Amino acid sequence: MSDADNRLVAVLGSIPYARFLGVTAELAGDEMTAILPFADHIVGNPMLPAIHGGVLGAFMEMTALAQLSVAAPLKRQPRTVDVSIEYLRSGRPLTTYARATIKKLGRRVANVHVEAWQETRAAPIATLRGIFLVAPSEE
């Protein structure tokens with residue numbers, strides 16, 4: 001396992017909600033894809049059924065945190081400063097995927113964009129733009 005793989009496993013293992021949801025991730029180089037398997041306990045609207053918006057939001061935030069851990073060794077887990085979520089369509093009872101792009105990783109703050117999709121990446125179900133407080137390991 002590479003250093004980035006170890007950091008990814010450590011971050012997801014340190015978030016109890018990620019373990020509860022069953023979130024996993026695959027790493028290919030420096031590109032990480034987070035995976036949220038469908039389960040009955042994540043349904044928010046049983047009439048559709050649709051994945052709860054809070055679950056999608058938390059999943060995307062965890063994706064951003066995991067991507068930051070893969071990008072650079074950090075002293076401690078990044079802290080969320082602000083997030084903005086756009087819900088584009090209902091999350092159906094399918095496995096959901098997310099990928100984060102770090103737009104800027106500064107000395108103190110990181111800007112991250114996350115897209116979540118189900119069947120095709122070209123049709124995202126939600127997006128997140130977040131600002132995170134980071135502390136690099138060299139300080």
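A: The buried residues of helix 1 are Ala-4, Arg-7, Leu-8, Val-11 and Leu-12; buried denotes under 20% relative accessible area, exposed over 50%, and partly exposed the range in between, with a 1.4 Å probe and protein chains only. Seen down the helix axis, these buried residues fall within an arc of 125°, so they line one face of helix 1; the arc is that of the directions from the helix axis to the C-beta atoms. An α-helix has 3.6 residues a turn, so residues three or four places apart point the same way.

The model is a predicted one, in which local features need pLDDT of at least 70 and side-chain atom pairs count only at pLDDT 80 or more, while totals for chains, interfaces and linings use all residues. Residues are numbered from 1 along each chain as its sequence is written, and side-chain values use heavy atoms, with hydrogens and water left out.

Helices (H or I, at least four residues) and strands (E, at least two) are DSSP runs numbered from the N terminus. Helix 1 comprises twelve residues and reaches 16 Å from its first C-alpha to its last, close to the 16 Å expected at 1.5 Å a residue; the expected span is 1.5 Å times one less than the number of residues. Its buried residues are covered by elements including helix 2 (16-21), strand 1 (24-28), strand 2 and helix 3 (53-71), where contact means heavy atoms within 4.5 Å.

Arg-7, one of those buried residues, forms a salt bridge with Asp-3, the closest N and O atoms lying 3.1 Å apart. A salt bridge is a side-chain nitrogen of Lys or Arg within 4 Å of a carboxyl oxygen of Asp or Glu. The two residues are four residues apart in helix 1 (residues 3-14) and are thus separated by about one helical turn. Arg-7 has 18% relative accessibility and counts as buried, whereas Asp-3 is exposed at 53%.

The structure holds three salt bridges. In another of them, Arg-99 pairs with Glu-31, with 3.5 Å between the closest N and O atoms. Arg-99 lies in strand 6 (residues 96-105) and Glu-31 in strand 2 (residues 31-36), so the pair ties together parts that are 68 residues apart in sequence. Arg-99 is buried, at 16% relative accessible area, and Glu-31 is partly exposed at 40%.
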